[in-house]
Amino acid sequence: MKRLVLLPCFLLVSACSAMKDPSGAIVDLQGVDRNRYEADLADCRRYADEVPVGRHVAAGAAGGAAVGAVGGVVSGANKTGIGQAAGVGAVYGGTVAGVSAVGEHRQVLRECLRGRGYRVLN
């Protein structure tokens, strides 16, 4: 059961770490100096990397675990049930926070590119 509960968390972390550029930004490069764009993209990625995705996931997991544990206590579960509820809460909280943080990362990168005059199409 514990392995099954942790699977979504591992998949989320793996997906986040495997993405080279999670922004998925599609930029109209017609008439754009490719070297300038690459330099600006690298700068914007550095700004976007300031979003503490890992810290958001950890905080969400901790909060979710606390809520899950309280829910287990309130429902009258035994120690095993409380632990399982905390585990489910941790996975849920970490996943929600991770998705939110990745969205913030995407937004920062896209807004940075727009601010530098690029047409971001999505």
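## Around Asp40

Set aside the neighbours within four places in sequence, and aspartate 40 is in contact with Arg116 and Tyr118. Keep in mind that this is a predicted model.

**Aspartate 40**
- Aspartate 40 sits in helix H2.
- Its relative accessibility is 10%, so aspartate 40 falls under the 20% cut-off and counts as buried.

**The aromatic pair**
- How many aromatic pairs are there? The count comes to one.
- Tyrosine 37 belongs to helix H2 (residues 34–48), while tyrosine 118 is in the loop between helix H4 (79–115) and strand S2 (119–120), so the pair ties together parts that are 81 residues apart in sequence.

**The whole protein**
- There are four helices and two strands, and along the sequence they run α-β-α-α-α-β.
- Take the contacts with a separation of 6 or more: 83% of them are between residues 24 or more positions apart.
- The protein has 122 residues, and 27% of them count as buried.
- Its accessible surface is about 7700 Å², with 61% of that belonging to carbon and sulfur atoms.

Conventions. Residues are numbered from 1 along each chain as its sequence is written. This is a predicted model: local features need pLDDT of at least 70, side-chain atom pairs count only at pLDDT 80 or more; totals for chains, interfaces and linings use all residues. Side-chain values use heavy atoms; hydrogens and water are left out. Rings of Phe, Tyr and Trp (its six-membered ring) pair if their centres lie within 6.5 Å; planes under 30 degrees apart count as stacked, over 60 as edge-to-face and the rest as tilted. Buried means under 20% relative accessible area, exposed over 50%, partly exposed in between (1.4 Å probe, protein chains only). Contact means heavy atoms within 4.5 Å. Accessible areas come from the Shrake-Rupley method with a 1.4 Å probe; for residues, only the protein chains shown count as cover.
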